[in-house]
Amino acid sequence: TLKTTKHGMNMGLMIVIFVIFLVAINFLSVMHNKTWDVTENNSNTLGVESIKVIDQIKAKFEILTFYRGEKDHAKKLAAKQIFSRYKSLNSHIKTYYFNTYTDRARAQVELDGVPVDEDMVTVIKYKNKKIKIDSPLSEETVTAAITRATRNKLKTIYFLSGHGERSLSNTKADGLLNLVNVLASKSFIVKELNLLNTNVAIPADADVIAIIGPKLELFKNEVTALKAFAAQGGKLIIAADPGKKHNINELISYFGVLFRNNFIIAEVAEMLGRSATTALGIQFDGSSKITKEIKQNGQIYSIFELASELVSLKNNNEAQFNFLPLIATSDKSFTIDELKIEVVPGPRAAKVLAIQVNNNQSNTVSAVIFGDSDFLSNKEIGLGVNQLIAKNTFSYLSGENDLITIPKAQLKGTKIILTDKLRNSVVVAGLLLPLFLFVMSGLFFYRRKGA
């Protein structure tokens, strides 16, 4: 009946209820992880490509991280942040973290046969597969590892050699090593194909054959074999350069495409500090899966250092193939037959840089042809949207549509300029505000004490 007892019991009951509420909230947050990305450009959200791959997980999927105590504490926290985005989208994904100092036995068992060359190692276990995630951890490396784990069969891409094509292992500017690394990150198997050494036999596991930058002529029996490969449903990626002694028209004429073997001149490239012989692809087809997600806002472009115009036969309902002009220049471009110091501008019009060839009979894509191979080189692949086009082309032709990349929104920076006066005001406020709060707290304390 005492007033103090009633108030005390009420306060105690409120504390108990509040504690139960906190426990329930924490329990639910652990059991049902949910996040909201409130950034303007969804910078903390997984890309559409990653989400499609996650949807393929239909059974228990374990991600095991082995770290070295406090030495890898920061890396462990970063890994948790990345993996939480994946866990929130699929309840089959489970993550575990083991300290190799205290869980050495578990580490020896789980890392048996796994190459260990970093301080922290993360592996995926899924349906009797054990896949190591490449370092450093990022959405790209994690998604690539999940792709390798969930695919029943990895697609194989053969690069033709023997005619002066760009080298897969060359680290110099004109090599293709960066492209090979990009394809490997997408879980493609990359091999070299020299038909001169195989009696013109196309390997049975070839999903796509790429002909990148040939300088010499293909033999007739090679052209015949490649045409037969395409006729049987095989996919071709062809990127040839003007001014070389190749006979690429012998092959692409099968699809009804003509390599003009001229040079596209686009003075607009000079705005980027490039030569006028650099063709900028600024028009992208909106229906092809390769280019439809590339936003044409005046700032997106692909760069082709020396490119030839491509032309195709008119689409005909009775023809075997139809064509999509994937990439084209601005309508201010013109062509010349040979490079000269003095260039006389010809008729200006948009020039086609890349063509997608579709088979009307099978309703599938047969080939993608580019009028330049420089854009795939180590020097150029990182410029503009060149890498995006390369990844999407190989993914689409190999049938891996869920690996097609949609460009992520770029973060928008907020620029703050502090004048001397404003900067001094911020410093003074930073000193006076805590002092003011301290004095006010003292006044309130003495007033309550004397009340």
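1. Is Tyr446 buried or exposed? Tyr446 is exposed, because its relative accessible area is 59%, where exposed means over 50%, buried under 20% and partly exposed in between (1.4 Å probe, protein chains only).

2. On the basis of these remarks: this is a predicted model, in which local features need pLDDT of at least 70 and side-chain atom pairs count only at pLDDT 80 or more, while totals for chains, interfaces and linings use all residues. Residues are numbered from 1 along each chain as its sequence is written, and side-chain values use heavy atoms, with hydrogens and water left out.

3. Aromatic pairs. Rings of Phe, Tyr and Trp (its six-membered ring) pair if their centres lie within 6.5 Å; planes under 30 degrees apart count as stacked, over 60 as edge-to-face and the rest as tilted. The count by this rule is nine aromatic pairs. In one of them, Phe61 and Tyr126, the ring centres are 5.1 Å apart and the planes stand at 50°, so the pair is tilted. Phe61 lies in strand β1 (residues 61-67) and Tyr126 in strand β3 (residues 121-126), so that pair links distant parts of the chain, 65 residues apart. Helices (H or I, at least four residues) and strands (E, at least two) are DSSP runs, numbered from the N terminus. Phe61 is buried at 0% relative accessibility, and Tyr126 is buried at 4%. Phe445 and Tyr446 form an edge-to-face pair, with 5.4 Å from centre to centre and 75° between the planes.

4. Other ring features. One aromatic cluster is formed by Tyr254, Phe255 and Phe321. The charged end of Lys80 sits over the ring of Tyr97, 5.2 Å from its centre; the criterion is NZ of Lys or CZ of Arg within 6 Å of the ring centre and within 35 degrees of the ring normal.

5. Helices α3 and α5. The axes of α3 (residues 73-87) and α5 (residues 139-150) come within 11 Å and cross at roughly 50°. Axes are lines fitted to C-alpha atoms, for helices over the stretch in contact, and angles run from 0 to 180 degrees between N-to-C directions. The two helices are therefore oblique to each other (under 35 degrees is roughly parallel, over 145 roughly antiparallel, 65 to 115 roughly perpendicular and the rest oblique). Ile82, Phe83 and Tyr86 of α3 make the contact with Glu139, Val142, Thr143 and Ile146 of α5, contact meaning heavy atoms within 4.5 Å.

6. Helix α6. Leu179, Val180, Val182, Leu183 and Ser185 are the buried residues of α6 (residues 177-185). These buried residues pack against α5, β5 (156-160), β6 (189-193) and α9 (386-397). The axes of α6 and α9 come within 11 Å and cross at roughly 50°, which makes α6 oblique to α9. The α6 side of this contact consists of Leu179, Val182 and Leu183, and the α9 side of Gln387, Ala390, Lys391 and Phe394. Just after α6, Ser187 takes a positive phi of about 70°.

7. Backbone points to inspect. Most residues other than glycine have a negative phi, and most peptide bonds are trans. Lys127, in the loop between β3 and β4 (129-132), has a positive phi near 50° and is exposed at 57% relative accessible area. Asn128 is found in the loop between β3 and β4, with a positive phi of about 65°, and is exposed at 88% relative accessibility. A cis peptide bond, with omega about 0°, joins Ser135 and Pro136; Pro136 is in the loop between β4 and α5.
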